Amino acid sequence: MPGKYIPSDYLPILIFLMVATAVGLGVLIAGSIFRLKRPYPEKLMPYESGNLPVGEPRYRFSVRFYIIAMLFVVFDVEAVFLYPWAVVFGSIGFYAFVEMMVFIVILVVGYVYAWKKEAFNWD
Amino acid sequence: MSIFETIIQPDTFDVLIKIGIILLKIVIVVAAAMLHVMYATYFERKSIGHMQVRLGPMEVGPHGVLQPIADGVKLFFKEDIIPADADKPVFYIAPVISLVAALSSLSVIPFFKGFVIANINIGLLFILAMSSLGAYGIIISGWASNSKYSFLGGLRSSAQVISYEIAMGLSLVGVMMMAGSLNISDIVNAQAAYPLRVYAIPQMLGFFVFMVAGIAETNRAPFDLPEAESELVAGYFVEYSGIRFAMFYLSEYIGMIVISLIAVVCFLGGWSGPFDIPYVPFAWLLLKVYFFIFFYYWIRATLPRYRYDQLMSLGWKLLIPLALLNIVITGIAKLML
Amino acid sequence: MAEVNEVKELVVNMGPQHPATHGVLRLVLQLDGETVVKCTPHVGYLHRGIEKLGENMTYLSALPLTDRLDYIASMSNNVGYVVAVEKLFGIEAPERAKFIRTMVAEMSRISSHIIWLGTHALDIGAMTPFLYAFREREWILDLFEMLCGARLTVSYPRIGGVRNDVTQEFLDSLYRFAEEFPKRIEEYETLIDKNRIWLKRTKGIGIISKEEAINWGLTGATLRGSGVPYDVRKYAPYDAYDKVEFDIPIGENGDVYDRYRVRMAEMRQANRILKQCIEKLPEGPIMAPDAPKFTLPPKDRVLKDMESLIHHFVLITKGPMAAPEGEIYVATEVPKGELGFYFVSDGTGRPYRMRVRAPSFVHASVLPRLCEGGLVADVIANIGTIDIVLGECDR
């Protein structure tokens, strides 16, 4: 049928995801029938080494984590670009190699820049 | 034409049979994985125990062989404590996400020739995607628990997992270049032409980077900072108890098995071996996976833990350049030959 | 909007219920990301009032209290206590007793350092040395059991000597231990010494300079790691330390790694002292024979001799009869550092004031200096390296 592509190869994955979710939820629900439930305020306190928690745990975290997240996006996109290239590399040959070297060199420049800017340092 | 007729078409029966077969396969794989995970914990406690001049579990059953079952039953019936200030829906769902993400990677791995649940042409990419998804479970559990220790653990873990994700992804590019495919069965078949039927020798560098990144991805020692016992007590799942704790535990071990499986299929020739073992087509695969799992335990018993900044520098300053170098070397070698 | 722009730091309670705080130390950490901005140690969770209890007990009966100070090395505390009390009374233990006390104190030094090594390594993430270390500690505890029947809270030394004589069997087993132990130290060093992660985690961490270490009042291996060769055993020898040969190992940089090296070397030196004590052990009595007003008479004499019975009765009920008035401070070198006992005596059988200078307390105070500016993981390494026991710190 035109316009109706059914990725039948992916059907097993869909079923697998459903089964896995069912296993996870099933265990949780089945357990809830059997297990005991005797909560009291001290038991429900978050763990803080035996002390009353001080302040809000969901604090504003270090900007370093954002840097790591940005670097991740850059390099992961690069990796994703590399995958299709790697697959067809054998059939295209030298031209593909040069193309990709240019790409990698540009990336390495950015990488060196990030290194010099101490984006990889944590202390 | 009635609705009834649109649903029941001549080939509906075939489709149902197909789905039935798929379901059967899935049940077999999931059951086998669960069994392996249970006994992976036993194997870990025993092997590390013997490395540390002690015996490991000895009480439940002969030599403690029933210990994992006893643990499972105990955790199943344990009280499920949800902290009062927790973000409840997120707290509920986090272990399920972890478990599903870990399990679903199994759907594209060929266990022996012709046996794979979903033989898709981007298998490797799917696995990488799913292993990133596992980080969600960790991050949101750290966030939802409303505890500082779990929050720190979740942050550490997210930064660690995404950092090593890159190195892991790049280390596999060499394999893709050599095999010219992302389909895992094709990758295994392509290895037959190489010495010992493995990629580990031409892809030494990639293999090394993959193994280090893989250990970091699964939060195992010496990169177990998110759950560093002596610092963050248990890290992101410090507030989890009972069956939810068990699910995190399960997903960590499934993650370990999945990383071992990828290492085996991408670098060590998958199900093929130096000679064929009759009647058990998956024997070689299992042996290799057991070896890797033992390797995990061995490292755990040997090495101290990295510090956070050292872990990040290792990932960014050593593994990523090495993985890029590996790609360049593989490219040059492939052009030369 | 000022609220939004304010730098908010995360305040984390580390301890008292935390696997890495060696008992019940509580650190309140202010974190900026992973960096420790401020570290405040809180002590006192294990306070049992040992100093006050000591004032209400006779000198003889306060001895078991010292077991509970540094419960990892109770023998050293006992020795420190009896040495101090003997000096106050002006009596001297016989040679044989002195050698035996030196011997058991060094055994307890080894057992304490071994437990330090195991837990320190475990905190840094190396799991295996911990279990190996306990194997040797168990051996020493077995030897203690053989010697006096108790393993942990020994109370073996007595004012004026020791409780009972050593047997030849004990000496033989101890000698076997001393022969075997250097090999075991090598085993630990094989496990962690050259490990790159271990070096990365310990070198250059928690540096404290010579001058600063002295100013903070550090003692023991924590001070010697900074390169100060101060050891009470050399500077003010007590018991038989002036009759045995040993070196004082010192570090150079004063970091976690140097303190680790110093403690490893100290275990070797302790082993050396052990061997010398066994070889040089003189014959003779084990209790000061000419001090009936201070020391308990032997049990067989109590049953036969009127005089001894009276002495025994008075000593037990009222304490030493002729304790001189005055005050005294006597320090000994225990595994954790310099343990000092300060007594004010008013001439009765009980001390007017008993004060314990606990090295762990002094060392705990240096934690903010070591931790601030470092990472969370370094806090763990620093707690390990100063080797504190909260029983002693809180008293």
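Helices (H or I, at least four residues) and strands (E, at least two) are DSSP runs, numbered from the N terminus. The expected span of a helix is 1.5 Å times one less than its number of residues. The model is predicted: local features need pLDDT of at least 70, side-chain atom pairs count only at pLDDT 80 or more, and totals for chains, interfaces and linings use all residues. Residues are numbered from 1 along each chain as its sequence is written, while chains are lettered from A and ligands numbered from 1 in the order in which they are written.

Start with chain B. Chain B has twelve helices and zero strands. Its radius of gyration (taken over C-alpha atoms) is 21 Å.

Now follow helix α2 of chain B, residues 12-51. This helix has 40 residues. From first C-alpha to last it reaches 57 Å, close to the expected 58 Å. Its buried residues include B:Ile22, B:Ile26, B:Val29 and B:Ala33. An α-helix has 3.6 residues a turn, so residues three or four places apart point the same way.

What do the buried residues of α2(B) pack against? In chain A, the partner is α1 (11-34). In chain B, the partners are α3 (67-77), α4 (88-104), α10 (242-267) and α11 (283-302). After α2(B) comes B:Val53, with a positive phi near 45 degrees.

Key: Buried ≥ 20, exposed ≤ 12 C-beta atoms within 10 Å, placed from the backbone. Contact = placed C-beta atoms within 7 Å. Rg over C-alpha atoms; globule rule 2.2 N^0.38 Å.
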